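Please have a look at the structure on the screen, and then I'll walk you through a few spots.

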Amino acid sequence: MTQADGTVDKASLREAFGHFPSGVVAVCAEVDGERIGMAASTFVPVSLEPPLVAFCVQNTSTTWPKLADLEHVGISVLGEAHDAAARVLAAKTGDRFAGLDTETTDGGALFIDGASVWLDTTVTQQVPAGDHAIVVLRINELRVQSEIEPIVFHRSRFRWLRTVAS
């Protein structure tokens, strides 16, 4: 809803944004034996040549600064079995990896087992965008598990893709 002064009500805007379904990714790495990660539902493929993806992160994130300057950051496209994992990874406190099996590369990129896609990435650019930053990452390596269906975040709930539209 638009306010009398022409600004958009934040609650209405959040509701409107929620009508657009999005995939959910885990953005993770291991640093000095510590697993660091967060969930993001603003992930998007950007370019085939060079291979680039992007996601958005809140400027107030306390996790992103721990990952932003690393040479290798793992992106796991979460699957249907990850609804609880997505909530844990999005939590502000506690062990974000409780109950999750993970795998870490020699370079430190950390991946969530059972994800449909693993992308070993490197940050190439961060663009200020209001109360968020758009983070662009180059894909170094990837692994796809086609049999795993993705989880979708839509209207503040995690959902599954069960049927194909014709």
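Let's start with the second largest pocket: its lining has five charged residues, three polar ones and two nonpolar ones. Keep in mind that this is a predicted model. The volume of this pocket is about 160 Å³. Which residues line it? They are Glu34, Arg35, Ile36, Gly37, Thr63, Lys66, Gly94, Asp95, Arg96 and Phe97. Strand β3, residues 34–40, gives the largest share of that lining, with four residues.

Now to helix α3, which covers residues 83–90. Which of its residues are buried? Ala85, Ala86 and Leu89 are. If you look down the axis of α3, these buried residues fall within an arc of 100°, so they line one face of the helix.

Next, a serine. Ser76 sits in strand β6, which runs over residues 73–77. Is Ser76 buried or exposed? Its relative accessible area is 0%, and buried means under 20%, so Ser76 counts as buried. What does its side chain reach? The side chain of Ser76 reaches the backbone nitrogen of Ile112, at 2.9 Å.

Last, the cysteines. Cys28 has 0% relative accessibility, so this residue counts as buried. Cys56, with a relative accessible area of 28%, is partly exposed. A disulfide, as a reminder, is a covalent bond between the sulfur atoms of two cysteines. How many disulfides does a search of the whole structure find? The search finds zero.

That's my tour, and I'm happy to take questions!

How values were computed
Residues are numbered from 1 along each chain as its sequence is written. This is a predicted model: local features need pLDDT of at least 70, side-chain atom pairs count only at pLDDT 80 or more; totals for chains, interfaces and linings use all residues. Side-chain values use heavy atoms; hydrogens and water are left out. On a 1 Å grid over the protein atoms alone, a cavity is a set of points where a 1.4 Å probe fits but cannot get out, and a pocket is an open set with protein on both sides within 12 Å along at least five of seven lines; lining residues have an atom within 4 Å of a point. Grid points are joined across faces, edges and corners, and a volume is the space filled by probe spheres set on the points. Helices (H or I, at least four residues) and strands (E, at least two) are DSSP runs, numbered from the N terminus. Ala, Val, Leu, Ile, Met, Phe, Trp, Tyr, Cys and Pro count as nonpolar, Asp, Glu, Lys and Arg as charged, and the others, Gly among them, as polar. A disulfide is a pair of cysteine sulfur atoms within 2.5 Å. Buried means under 20% relative accessible area, exposed over 50%, partly exposed in between (1.4 Å probe, protein chains only). The arc is that of the directions from the helix axis to the C-beta atoms. A polar contact is a pair of N or O atoms within 3.5 Å; within protein, one must be able to donate a hydrogen and the other to accept it, and residues adjacent in sequence count only if both atoms are side-chain atoms.
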